Amino acid sequence: MKTIKAIIASLALFAMFAGTAAQAKVEIQWWHAFGGRLGELLDEQVNKFNASQDKYTVVHTRKGNYSETLNAGIAAFRAGQHPNILMVFEVGTASLMAAKGAYVPMYQLMKDAGQRFNPKGFVSAVSGYYTTTDGKMLSMPYNSSTPVLWVNKDLMKKAGLDPEMDLSTWKKVGNALDAAKAKNIDMPFCTCWHSWVHLENFSAYHNIPFATKSNGFAGLDTELAFNSPVHIKHIQTLGKWAQEGKFKYMGRRNEAGKNFRAGECMLMTESSAGYAGIKKEAKFEFGIRHLPYYGATEAPQNTIIGGSSLWALSGKSKEENKATAAFLAFLSRTDIQAKWHQDTGYLGVTTAAASATKKSGFYKSNPGTDLAGIQMMRNKVTQNSKGLRLGSFDQIRGIIDEEMEGVYNGTKTAQVALDSAVKRGNVLLRRFERANK
Amino acid sequence: MEKRVFFKGWWLPALLVAPQLLISFVFFFYPSGQAIWNSLFLPDPFGLKTEFVGLDNFRFLLSDPYYLASFKTTVIFSTAVSVSSMALGLYLAALADRLIKGAGVYQTLLIWPYAIAPAIAGVLWLFMFNGNIGLASYYLKALGYEWNHTLKGDQAMFLVILASSWGRISYNFLFFLAGLQAIPKSIIEAAAIDGASFWKRFGTIVIPLLSPITFFLLVVNIVYAFFDTFGVIHTITSGGPEQSTTILVYKVFSDGFVSQDLGSSAAQSVILLVLVGILTVIQFKYIERKVHY
């Protein structure tokens, strides 16, 4: 009995000391949305940071997919149980920005913590997404990608096509699909992230507005504008391909990626970050091409990003904010960024990381991995190609997906579907404007 | 003859009903009150500011054609789930009731699916009908039928009805079986001696005697189809394509927790509350009259 008591007492004592030892370090929480391979790479970054110094500890937790993570963060904020750092995908950016008081702006956080931080070091097409119109950076870009065209070269050969043929315009893609269909290829074309690729990036790439007021950058009173003749023409083309069996719809998110990796789909539009999975699983020769465009318009503008940024939520102690600042500065370090870029296919979000990757010869040994970066930075960014800043955008994307499903299954024309999506989306924008006045 | 017990004094009856009242207050009156209150406001997602908007949330909803369409979706879905799962449950119960050997094994196996949570049931069916890896969709394709529930609304609806009814058949089976076993064998035997066929006996004796259970199951199944099928829909279709499987309760969730529009979500809860209230009143007022106890 005595020995048991002694054990308990010593354990309690140990726990007390262990507790104080842990308390000496400032611990901060990071909620994110990465599982699988990306989750491992993220864990690696956190461990590296924790091992690199002895003042701070970062604890990361996965909260589900992007939407779920954002919602968990918002719910926790309402309950006062929120993490220090929240990963928010680009779609949620406007919601966060409008919630003044819910976050500590990045420039402020870095200044208060006395952390050296150069917002100019980020690629402007990326940082622009997270920067106010007067040039203040609000959140830290973490992972950013842009859509590209993935080619299954083996299926191209099977279709009697030259795998290196020009696929720069949608017309040429259409010809390739015709040839594939004639050779009975089951899935000539598929795509992930319909709205992101075929309306949002499509608009930027063709330098036409997705929404008024510089796609929402210039004010909450923005209205959707993706029902222009060029948009309609493209969506109608996709609908026609779907009816003719050249394009197969697999789902709203990245479901089609499975079909491509399994070697079923010949051409796929998907994020450049599909790279990690395709490289690992594809048992065929694949190629990466720029996103196609319509030849009749001007030469393509730039594409825009998808992905997430990290927000420092408010209501935390000065010490914790210092830790947050130190960790975010660590993440933007060139070596960390370059490794992330090469491992994942996400863009190098700092110019230094991109040039370090180039110097290392990575692009030469992995052809096509530089295309996404080039495509994003090929031109000076315009009002239409800076990105999107629209409230309730997750919901609006849902509306767009729904309406596009109507075009693919042949119940609606592109004109009717896009007009309806614009109308329904505008209702939500007005509601968001009202809630965030 | 009705039995009535009278208590002397008031504190014992009050004490006896207190737990129920407390539970009703905590889990029903308080949240309902909150929903009604919130439905009059338009808050921002983070709860930093809010604006009183009166009945604007309701006006916004009732002018949304997709919201109105989800009423129709809900009716189709709930009817299909209740009717199909009750009919199959009754059919299986009638068969199992006549078993002489191994009745326990059959009964246990038939009840089994009820132990599976709706979300898991949804994932199971989704796997079978998945366009990439699903066995069912693979064989359908081999038969020349193109299955793609991500694009075709009627297929999506069929799949969520199938997945929602599946576990429910077990539940209905259990109650119907208990009901069948409670019917005195002597009545059935007497009818059999009089020369009534199986179907005649089933139609004129069994069904009327089962009516209290059928009525109970009808109420419970409709409530289930209205509220508990959320997990199935979320995992299989997320309400798509083109909102063709968005039933009312799923819309409450997607507007509230996906879109963070808490005002609209609260207004929808209020509408749903009223609707289910009316439905229950109708059931008890008109259908219950036809029930023999």
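Biologist: Is Lys246(A) buried or exposed in this predicted model?

Modeller: Lys246(A) has its place in the loop between helix 11 (229-243) and helix 12 of chain A. A residue is buried if 20 or more other C-beta atoms lie within 10 Å of its own. Lys246(A) has 22 other C-beta atoms within 10 Å, and therefore this residue is buried.

Biologist: Which residues is Lys246(A) in contact with, leaving aside its neighbours within four places in sequence?

Modeller: Gln81(A) is 165 residues from Lys246(A) in sequence and 49 Å from it in space, C-alpha to C-alpha. The contacts of Lys246(A), with neighbours within four places left aside, are Leu177(A), Lys181(A), Pro188(A), Phe189(A) and Trp241(A).

Biologist: What radius of gyration does chain A have, and what would a compact globule have?

Modeller: The C-alpha trace of chain A spans about 85 × 50 × 45 Å along its principal axes. For 437 residues, a compact globule would have a radius of gyration near 22 Å, and the value for chain A agrees with this: 24 Å.

Biologist: What percentage of the residues in chain A are buried?

Modeller: Chain A is built with 20 helices and 10 strands. Among its contacts between residues at least 6 apart in sequence, 76% join residues at least 24 apart. Of the 437 residues in chain A, the buried share is 52%.

Biologist: At roughly what angle do the axes of helix 9 and helix 19 of chain A cross?

Modeller: Two packed helices are described by the angle between their axes and the distance between the axes. Here, helix 9 (residues 194-205) of chain A and helix 19 (residues 393-408) of chain A have axes that come within 10 Å and cross at roughly 90 degrees.

Biologist: Which residues of helix 19 of chain A meet helix 9 of chain A?

Modeller: By class, the contact of helix 9 with helix 19 of chain A has three nonpolar, two polar and two charged residues. From helix 9 of chain A come His194(A), Ser195(A) and Leu199(A), and they meet these residues of helix 19 of chain A: Arg397(A), Ile400(A), Asp401(A) and Met404(A).

Biologist: Which element gives the most to the side of chain A that touches chain B?

Modeller: In total, 25 residues of chain A are in contact with 21 residues of chain B. The elements of chain A that give two or more residues to this side are helix 3 (66-78), helix 12 (256-261), helix 19 and helix 20 (414-435). By class, the side has eight nonpolar, 11 polar and six charged residues. The element that gives the most, with six residues, is helix 19 of chain A.

Biologist: What ipTM does the predictor give the complex?

Modeller: For chain B, the mean pLDDT is 89, and 98% of the residues reach 70 or more. For the complex, the predictor gives a pTM of 0.81 and an ipTM of 0.71.

Biologist: In what order do the elements of chain B run from the N terminus on?

Modeller: Chain B has 12 helices and two strands. Its C-alpha trace spans about 75 × 75 × 30 Å along the principal axes, and 33% of its 293 residues count as buried. From the N terminus on, the order is α-β-β-α-α-α-α-α-α-α-α-α-α-α.

Biologist: How far apart in space are Val83(B) and Ile222(B), C-alpha to C-alpha?

Modeller: Val83(B) is found in helix 3 (residues 65-97) of chain B. Val83(B) counts as partly exposed, because it has 13 C-beta neighbours inside 10 Å. In sequence, Val83(B) and Ile222(B) are 139 residues apart, while in space the C-alpha to C-alpha distance is 9.4 Å.

Biologist: What is the phi of Glu242(B) near?

Modeller: Most residues other than glycine have a negative phi. Glu242(B) lies in the loop between helix 10 (230-236) and helix 11 (248-258) of chain B, and it counts as buried because it has 24 C-beta neighbours inside 10 Å. Its phi is a positive value in a residue other than glycine, near 50 degrees.

Methods
Residues numbered from 1 in each chain as written. Chains lettered and ligands numbered in written order. Predicted model: local features only at pLDDT ≥ 70, side-chain atom pairs only at ≥ 80, totals over all residues. Axes fitted to C-alpha atoms, helices over the stretch in contact; angles between N-to-C directions. Helix = DSSP H or I, 4+ residues; strand = E, 2+ residues; numbered from the N terminus. Contact = placed C-beta atoms within 7 Å. Nonpolar A, V, L, I, M, F, W, Y, C, P; charged D, E, K, R; others polar. pLDDT = per-residue confidence, 0-100. Rg over C-alpha atoms; globule rule 2.2 N^0.38 Å. Buried ≥ 20, exposed ≤ 12 C-beta atoms within 10 Å, placed from the backbone.
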